Amino acid sequence: VQLQACGGGLVQAGGSLTLSCVASGTKFGIREMGWYRQPRGKQRELVATITSDGITNYGDSVKGRSTISRDNAKNTMVLEINNLKPEDRAVYYCNVLALRGTSGYTDNYWGPGTLVTVSR
């Protein structure tokens, strides 16, 4: 499975950010897609996830100002974060849990990461 992410870069504080991710090479589908981020010097943390049924989960730091959506047919995912804050600065990683056959087990895949910088 390969993950290609788009978006990121420099964003003004108070502005909006859109990140997209496309997964390819999946044979049995994707159970969950999501975004995680790692601020400098800190551990990786949840931003948002979405299941194939459309169930979403947001990290506390972005809850109420972000939206994650997904197109199952195209294996694409889009994350929007509004009202960017300096503390949103981090490397953002696309993540998928791809189904392994019909067993129900999944394999975890990570994209290469994209840096988001928020200017004051």
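This is a predicted model: local features need pLDDT of at least 70, side-chain atom pairs count only at pLDDT 80 or more; totals for chains, interfaces and linings use all residues.

Visitor: Which residue forms a salt bridge with Arg65?

Guide: The general idea is that side chains of opposite charge can pair when their charged atoms come close. In this model the partner of Arg65 is Asp88, and their closest N and O atoms are 2.8 Å apart. Arg65 belongs to the loop between strand 6 (56–58) and strand 7 (66–71), while Asp88 belongs to the loop between strand 8 and strand 9, so the pair ties together parts that are 23 residues apart in sequence.

Visitor: Is Asp88 buried or exposed?

Guide: Asp88 is buried, with a relative accessible area of 0%.

Visitor: How many salt bridges are there in total, and which residues are joined into one network?

Guide: The count comes to 5 salt bridges. One of them pairs Glu45 with Arg37, at 2.7 Å from N to O. Here Arg37 is buried at a relative accessible area of 2%, whereas Glu45 is partly exposed at 28%. Another links Asp107 and Arg100, also described by an N to O distance of 2.7 Å. Asp107 is partly exposed, with a relative accessible area of 24%, and Arg100 is partly exposed at 45%. Through salt bridges that share partners, Arg37, Glu45, Arg65 and Asp88 form one network.

Visitor: Which residues line the largest pocket?

Guide: A pocket is read through its volume and its lining. The largest pocket holds about 150 Å³ of space. Its lining consists of Arg37, Pro39, Arg40, Lys42, Glu45, Ser61, Glu87 and Arg89. Sorted by class, that lining has 6 charged residues, 1 polar and 1 nonpolar.

Visitor: How many residues does the largest nonpolar core have, and which have the most contacts inside it?

Guide: In soluble globular proteins, nonpolar side chains tend to be buried together. The largest nonpolar core of this model has 25 residues, and those with the most contacts inside it are Trp35, Val47, Ile68, Leu79, Ile81 and Tyr92. Two or more residues of this core come from each of strand 3 (17–24), strand 4 (30–38), strand 5 (45–51), strand 8 (76–81), strand 9 (90–99) and strand 11 (114–119).

Visitor: What does Val47 touch, once residues up to four places away in sequence are not counted?

Guide: Val47 touches Trp35, Tyr36, Arg37, Asn57, Tyr58, Gly59, Val62, Leu79, Ile81 and Tyr92 under that condition. Among them, Trp35, Leu79, Ile81 and Tyr92 also belong to the core residues with the most contacts.

Visitor: Where is Thr51 found, and is Thr51 buried or exposed?

Guide: Thr51 is found in strand 5. Buried means under 20% relative accessible area, and Thr51, at 19% relative accessibility, counts as buried because of that cut-off. Leaving aside neighbours within four places in sequence, Thr51 is in contact with Arg31, Glu32 and Arg70.

Visitor: Let us turn to the backbone. Which residue other than glycine has a positive phi of about 55 degrees?

Guide: That residue is Asn75, whose phi is positive at about 55 degrees although Asn75 is not a glycine. Asn75 is placed in the loop between strand 7 and strand 8 and counts as buried, at 14% relative accessibility. Asn83 has a positive phi as well, near 50 degrees. The place of Asn83 is in the loop between strand 8 and strand 9, and Asn83 is partly exposed, with a relative accessible area of 42%.

Visitor: What does Gly14 touch beyond four places in sequence?

Guide: Gly14 touches Asn83 and Leu84. Gly14 is found in the loop between strand 2 (9–12) and strand 3, and is partly exposed at a relative accessible area of 47%. The C-alpha atoms of Gly14 and Lys85 are separated by 6.4 Å, although these residues are 71 residues apart along the chain.

Visitor: Is Gly64 buried or exposed?

Guide: Gly64 counts as exposed, at 82% relative accessibility. Its place is the loop between strand 6 and strand 7. From C-alpha to C-alpha, Gly64 and Asn82 are 9.0 Å apart in space and 18 residues apart in sequence.

Notes
Residues are numbered from 1 along each chain as its sequence is written. Side-chain values use heavy atoms; hydrogens and water are left out. On a 1 Å grid over the protein atoms alone, a cavity is a set of points where a 1.4 Å probe fits but cannot get out, and a pocket is an open set with protein on both sides within 12 Å along at least five of seven lines; lining residues have an atom within 4 Å of a point. Grid points are joined across faces, edges and corners, and a volume is the space filled by probe spheres set on the points. Ala, Val, Leu, Ile, Met, Phe, Trp, Tyr, Cys and Pro count as nonpolar, Asp, Glu, Lys and Arg as charged, and the others, Gly among them, as polar. A nonpolar core is a set of buried Ala, Val, Leu, Ile, Met, Phe, Trp, Tyr and Cys residues joined through side-chain atoms within 4.5 Å. Buried means under 20% relative accessible area, exposed over 50%, partly exposed in between (1.4 Å probe, protein chains only). Helices (H or I, at least four residues) and strands (E, at least two) are DSSP runs, numbered from the N terminus. Contact means heavy atoms within 4.5 Å. A salt bridge is a side-chain nitrogen of Lys or Arg within 4 Å of a carboxyl oxygen of Asp or Glu.
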